[in-house]
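Please look over the sequence and the model before reading on. The report below moves from single pairs of residues to the overall outline.

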Amino acid sequence: MRTLGNDKKGITPVVAIIILVAVAIAVSIAAAMWLIGLTGAYTKTEEVRFTTAYARDFDGDGTSEIRIIIKNTGTTSVTIDAVYVNDVPHSDLYPSEATLYTDTTMGTTLSLPQTLNPGSTLEIVIDWNFQSGVSYEIGVHTATGNLYTTVVTTP
Ligand SMILES: [Ca+2]
């Protein structure tokens, strides 16, 4: 008895195609999830903008303070850990560190770091021995290492 011709125990072509299609779909879904995850990670951008930046003698002592208002215009929360004047952190300025206040009444000092949620703003009044008629580069430094700058000229 020769039964070689009837001895096919392998999968039929139809089953093979179904398995191939199922595997292809599974791989596609996995790839799509991975890409979406990547995109989500990359679209969480940090961005800080100055909505206000100018100098004025707010406390009437004859020297200017610089007032800035910054806004988190990115899609992730941002932590401000220092204010820079001409590339120097406010706590390292010479001959004395700058004092930061929460508003122009200069009654409450502002301590850093401060965390800003997307869309929120932060007002900072910088008190230092700013000279008259000088352009200063004011920067806000974030915990992720970015420095956002603007230039303010004192009156
Ligand atoms: Ca002043």
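Which residue of β4 does Y84 stand opposite? Y84 stands opposite P89 in β4. The structure is a predicted model, in which local features need pLDDT of at least 70, side-chain atom pairs count only at pLDDT 80 or more, and totals for chains, interfaces and linings use all residues. Residues are numbered from 1 along each chain as its sequence is written.

Strands, like helices, are DSSP runs numbered from the N terminus, with at least two residues (E) for a strand and at least four (H or I) for a helix. Two strands are said to pair if DSSP finds at least two bridges between them. Strands of a sheet pair through backbone hydrogen bonds, either parallel or antiparallel.

| Partner of β3 | Bridges | Residue pair |
|---|---|---|
| β4 (residues 88-89) | 2 bridges | Y84 and P89 |
| β6 (residues 114-116) | 3 bridges | T79 and T115 |
| β8 | 5 bridges | V83 and V140 |

**The turn between β3 and β4**

The hairpin of β3 and β4 has 2 residues between the strands. N86, placed in the loop between β3 and β4, has a positive phi of about 50° although it is not a glycine. D87 is found in the loop between β3 and β4, and its phi is positive at about 70°, although D87 is not a glycine. Most residues other than glycine have a negative phi, and most peptide bonds are trans.

A residue is buried if 20 or more other C-beta atoms, placed from the backbone, lie within 10 Å of its own, exposed if 12 or fewer do, and partly exposed in between. N86 counts as exposed because it has 12 C-beta neighbours inside 10 Å, and D87 is exposed, with 9 other C-beta atoms within 10 Å.

The peptide bond from Y94 to P95 is cis, with omega near 5°, and P95 has its place in the loop between β4 and β5. The peptide bond from L112 to P113 is cis as well, with omega near 5°, and P113 lies in the loop between β5 and β6.

**An open sheet**

An open sheet is formed by 4 strands in the order β1-β2-β7-β5, with antiparallel pairing. β1 and β5 stand at the edges, each with a single partner strand, so one side of each is left without a neighbour in the sheet. Direction ignored, neighbouring strands of this sheet are turned by 25° against each other on average, where the axes are lines fitted to C-alpha atoms and angles run from 0 to 180 degrees between N-to-C directions.

**The nonpolar core**

A nonpolar core is a set of buried Ala, Val, Leu, Ile, Met, Phe, Trp, Tyr and Cys residues joined through C-beta atoms within 7 Å. The largest such core has 20 residues, of which I66, V83, L100, I124, I126 and I138 touch the most other members. At least two residues each come from β1 (48-56), β2 (65-72), β3 (78-85), β5 (99-101), β7 (121-127) and β8 (135-142), and β3 gives the most, with 4 residues.

Two residues are in contact if their C-beta atoms, placed from the backbone, lie within 7 Å. I124, which is found in strand β7, counts as buried with 24 C-beta neighbours inside 10 Å. Leaving out residues up to four places away in sequence, I124 touches I68, V83, L100 and L110, while L100 touches V83, H90, T109, L110, I124 and I126.

**The overall outline**

The protein has 1 helix and 9 strands, and from the N terminus on its elements run α-β-β-β-β-β-β-β-β-β. Its radius of gyration, taken over C-alpha atoms, is 30 Å, well over the 15 Å that the globule rule (2.2 Å times the number of residues to the power 0.38) gives for 155 residues, so the protein is more spread out than a compact globule. Along its principal axes the C-alpha trace spans about 115 × 25 × 25 Å.

The domain assignment, which is automatic or taken from a database, gives domain 1 (4-43) and domain 2 (48-153). The C-alpha centres of domain 1 and domain 2 lie 56 Å apart. Of the 155 residues of the protein, 19% count as buried.
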